[in-house]
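Dear colleague,

I am passing on the structure below, and I would be grateful if you could look through it alongside my notes.

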Amino acid sequence: MAAAQGSGSSSAGPSGLPSSAPGHSSSSTAVAVWEWQDEFGRWRPYRGNVCSYIEQIIQASQQKGRRSGSGLVSSIPLGRADPALAPYVIDIPSLTQFRQDTGTMRAVRRHVFPGDSAAGQGVMWEWQNDDGGWSPYEMNVCVFLEQAHATNHQRVDLGPLGYNYEVDFVAQVQTNKTTRFRRSVQRRLDAPYPVTTSTTPLHTGVGCSCQQCWPNSGTGPITTRYRHSMTNFPNSSTTHQVPGRTASVSSSSVGFVPYNKPTLTGARSTPRLNAQSALVLAQTGSLNTALAASNGVSAQTLPVKMSKPSRVNQALAATPTEPESVVKKYLEELKGTLADEDCMICMEKLSSSSGYSDSCQSSTIRPEAVGRLRNCQHSFHMLCVLAMYSNGNKDGSLQCPSCKTIYGEKTGTQPKGKMEVSTFPQSLPGHKDCGTIRIVYHISRGIQGPEHPNPGMPYTARGFPRYCYLPDNEKGRKVLELLKVAWKRRLIFTVGTSNTTGESNTVVWNEIHHKTEMDSNLSGHGYPDPNYLDNVLAELAAQGVTEDCLGQ
């Protein structure tokens with residue numbers, strides 16, 4: 001990525017601006033901005049309409065709580081504000097964004113800015129990424145840039161905000177102060193962020209030590225991705241620069257925006273969970289390993305081809321996926337008096353009927369039936385789980401909406417393609433004691449199937465073949481074997497929209513991160529990275545791909 005925030009410093013800003021990084025304002029008008037944290041530690045703002053929806057839900061919950069004594073809403077589905085965000089839910093108690101179809105978790109935060117700032121005026125500052133698309137700066141950087149722009153500064157140093165960059169307003173470029181690499185920048189008008197009556201001190205710049213900033217400031221890229229735990233997110237002490245270019249992997253690992261899928265409709269109450277995707281065609285694949293030698297370098301080729309869909313191999317490959325049978329397989333129906341708590345899916349009380357009883361009918365599951373998942377022991381309306389499963393992949397697996405435990409074998413929507421593996425003796429930085437494993441993914445453009453966002457329409461496959469690298473040591477080989485399983489289960493890629501290019505109906509990465517560079521980690525996609533192997537093992541585990549899968 002082009003930039004990453006840090007913990008800030010007291011270095012001088014442009015003439016006429018505060019000599020230290022901006023902190024707080026005493027303005028009485030304020031706007032609220034919600035942001036999510038990517039895997040490099042950058043805080044990416046939701047759009048103004050999404051933030052307005054989040055604020056409305058919280059305010060309505062607070063008013064209801066004052067009247068009835070109930071607690072604050074626990075989860076907010078974002079699909080109602082923006083259909084492109086249908087798979088995403090914000091868990092308010094843990095300040096976590098959860099993606100329902102992959103299980104990925106990311107930290108979120110709420111910051112308050114003055115009404116006359118960039119956020120209040122709907123001004124966005126953006127930098128041009130390697131794919132030609134535009135990526136927004138963190139909101140406190142937008143505020144800082146707009147302040148300098150409004151006071152007619154020709155150039156501004158982003159060092160006080162933890163960026164190793166200068167921005168030239170006249171030339172409209174961002175320059176890396178170390179490498180002198182330049183990128184275009186632009187100023188764009190969007191919808192203003194929602195006005196709030198919060199009495200919290202107004203945040204106008206980098207995270208400081210005030211009560212608002214400290215708990216979730218997260219300034220600086222996280223060196224370990226804490227994306228699969230509801231706790232232990234990085235704190236503001238982490239500081240690291242990522243000043244270089246970004247690899248093509250960023251088109252989805254950072255920039256994937258979920259495609260617009262049909263929503264679960266008919267539930268009586270809001271907010272409710274949107275658990276969507278289309279029917280997945282079960283496809284079989286084989287892992288054929290052949291040994292070859294080329295120029296004295298040992299090369300292990302692993303062609304992994306996805307067979308053409310057919311009714312025959314669907315029937316052979318699929319496990320029993322009758323929706324009612326799957327629900328009853330993993331949930332045990334509860335009898336007697338139920339706890340006074342909400343169903344996380346429909347947000348109705350467990351003691352009342354399912355919120356989806358008007359739109360999801362079943363001859364074997366009653367609207368008031370409540371079930372407990374057998375392993376994690378979380379409880380939901382069984383009809384809600386049936387509705388969630390029926391609007392999902394229908395692959396015979398379930399994922400707990402609360403703790404994300406996977407039941408069964410989770411599969412994805414990766415298009416057919418080929419995975420090749422070879423080894424060579426050159427070492428990766430940080431792994432001088434071993435050679436290198438190279439993975440090559442081949443996927444060609446094609447026509448979307450029933451499991452994809454727009455069945456029957458073409459999809460593109462940009463940047464293939466894609467080359468990825470692992471150290472050829474014990475842990476690297478373990479990751480490789482699990483990646484083979486993930487490939488066979490169609491979990492490594494999907495068809496969606498790239499946030500970096502804005503292109504829809506294209507093949508994008510699907511939340512299992514790969515290293516696409518060997519000898520430079522300026523972009524975050526290369527080596528050295530001492531945490532990468534542990535991180536990717538955690539990401540694979542979140543998809544249900546663990547050591548238990550090997551040898552099956």
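This is a predicted model: local features need pLDDT of at least 70, side-chain atom pairs count only at pLDDT 80 or more; totals for chains, interfaces and linings use all residues.

Residues are numbered from 1 along each chain as its sequence is written, and side-chain values use heavy atoms, with hydrogens and water left out.

Helix α9 spans residues 532-542; helices (H or I, at least four residues) and strands (E, at least two) are DSSP runs numbered from the N terminus. Eight of the eleven residues of α9 are buried, where buried means under 20% relative accessible area, exposed over 50% and partly exposed in between, with a 1.4 Å probe and protein chains only. Among the elements that cover these buried residues are β28 (466-471) and α8 (474-488).

Val536 belongs to α9 and counts as buried because its relative accessibility is 0%. Leaving aside residues up to four places away in sequence, Val536 touches Val479, Ile512 and His513, contact meaning heavy atoms within 4.5 Å.

The loop between β30 (506-509) and α9 contains Pro528, and the peptide bond from Tyr527 to Pro528 is cis, with omega near 5°. Glu511, in the loop between β30 and α9, has a positive phi of about 70° although it is not a glycine, and it is buried at a relative accessible area of 4%. Just after α9, Gly544 takes a positive phi of about 85°.

With best regards
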